[in-house]
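Hi there,

I'm passing along the structure we talked about, and my notes on it follow below. Have a look when you get a moment.

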Amino acid sequence: VVLGIGIGIASLTTPVYIAEVALPSMRGQLVTINTLMITFGQFFAGMVDGVFDQYFPVHGWRFMLGLAAIPSIVMWVGFLF
């Protein structure tokens, strides 16, 4: 639940921040690219999860959860240095 709230807040504030710091001539383009990349990432994650579910019907959820943990682990290691 906490993670979902964090992602929701970040999804709302990121386009506003981009629009505030971008040059006026590039605001719409940058906000649109941000939204498209998020949508593509969600679509790609769904496709990967579908492949895991198709080829590993019993334990596919473990691969999905494990892959989701990799960016968090990389970020945590980055915070240490």
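Is the crossing of α1 and α2 left-handed or right-handed? Before I get to that, please keep in mind that this is a predicted model.

The crossing of α1 and α2 turns out to be right-handed. Helix α1 covers residues 2-21, and its axis comes within 9 Å of the axis of α2, with a crossing angle of roughly 155°. An angle over 145 degrees counts as roughly antiparallel, so α1 is roughly antiparallel to α2.

The next pair is α2 and α3. Helix α3 spans residues 60-80, and the axes of α2 and α3 come within 8 Å, crossing at roughly 150°. These two helices are therefore also roughly antiparallel to each other, and their crossing is right-handed.

Happy to hear what you make of it!

Best wishes

Technical notes
Residues numbered from 1 in each chain as written. Predicted model: local features only at pLDDT ≥ 70, side-chain atom pairs only at ≥ 80, totals over all residues. Heavy atoms only, no water. Axes fitted to C-alpha atoms, helices over the stretch in contact; angles between N-to-C directions. Helix = DSSP H or I, 4+ residues; strand = E, 2+ residues; numbered from the N terminus. Parallel < 35°, antiparallel > 145°, perpendicular 65-115°, else oblique. Left-handed = near helix turned anticlockwise from the far one by under 90°.
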